[in-house]
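Dear colleague,

Please find below the structure for your review. My findings follow directly after it.

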Amino acid sequence: PPTYLVLAGANGTFCSGADIGVAKDTLMTSAGGSAMAGLMNSVTDAISSLRTVSFSAIDGAAYGGGAELCTATDFRCMRHDAKIRFVQCKMGVTTGWGGGRRLAE
């Protein structure tokens, strides 16, 4: 089995999540939001339950889904000017992939 997992982005972005301008018609519906939350909960739950050490190498922006994704790893290493933002909260949407729960753990 692998000894560790590193999640990393490229070009100054860790993961910026969905482009809300493009996806809002799908994600803001009950069915679309529910489908995305179910899929991403299974991804983040799988990462957080790995039997190996996991890291997020945050080299820039971790917004929305990216912020949720990095909470699934055991450790987060950030560049000094990197930013983590739960931008979905500004839209009245909770951290639906377990990010809020993981931050409290």
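Predicted model: local features only at pLDDT ≥ 70, side-chain atom pairs only at ≥ 80, totals over all residues.

**Strands and sheet**

Strand β4, residues 61–63, is joined to β6 by three bridges, and the two run parallel. Both belong to an open sheet of three strands, ordered β2-β4-β6 with parallel pairing. Its edge strands, each pairing on one side only, are β2 (13–15) and β6 (83–85). From one strand to the next, the twist averages 15 degrees.

**Core and buried residues**

Nine residues make up the largest nonpolar core: L7, F14, I47, I58, A62, L69, C70, A72 and A82. One of these, C70, counts as buried because its relative accessibility is 1%, under the 20% cut-off. Apart from its neighbours within four places in sequence, C70 is in contact with F14, S56, I58, R76 and I84.

T73 lies in the loop between α3 (65–70) and β5 (75–78). Despite this loop position, T73 counts as buried, at 5% relative accessibility. Its contacts, again leaving aside neighbours within four places in sequence, are L7, I47, S54, F55 and S56.

**Cysteines**

How many disulfides does a search of the whole structure find? The search finds zero. For C15, the closest cysteine sulfur is that of C70, and the distance of 9.2 Å is too far for a bond. With a relative accessible area of 26%, C15 is partly exposed, whereas C70 is buried.

**Salt bridges**

The whole structure contains two salt bridges according to the search. In one of them, the side chains of R79 and D59 meet, with an N to O distance of 2.7 Å. This pair links distant parts of the chain, 20 residues apart: R79 is in the loop between β5 and β6, and D59 is in the loop between β3 (53–58) and β4. R79 also forms a salt bridge with D81, where the closest N and O atoms are 2.6 Å apart. Through shared partners, the salt bridges join D59, R79 and D81 into one network.

As for accessibility, R79 counts as partly exposed at 35%. D59 is likewise partly exposed, at 35%, and D81 is partly exposed at 37%.

With kind regards

Terms used: Residues numbered from 1 in each chain as written. Heavy atoms only, no water. Pairing = 2+ DSSP bridges. Helix = DSSP H or I, 4+ residues; strand = E, 2+ residues; numbered from the N terminus. Axes fitted to C-alpha atoms, helices over the stretch in contact; angles between N-to-C directions. Core = buried A, V, L, I, M, F, W, Y, C linked by side-chain atoms within 4.5 Å. Buried < 20%, exposed > 50% of the residue type's maximum accessible area, 1.4 Å probe, protein only. Contact = heavy atoms within 4.5 Å. Disulfide = S-S within 2.5 Å. Salt bridge = Lys/Arg side-chain N within 4 Å of Asp/Glu carboxyl O.
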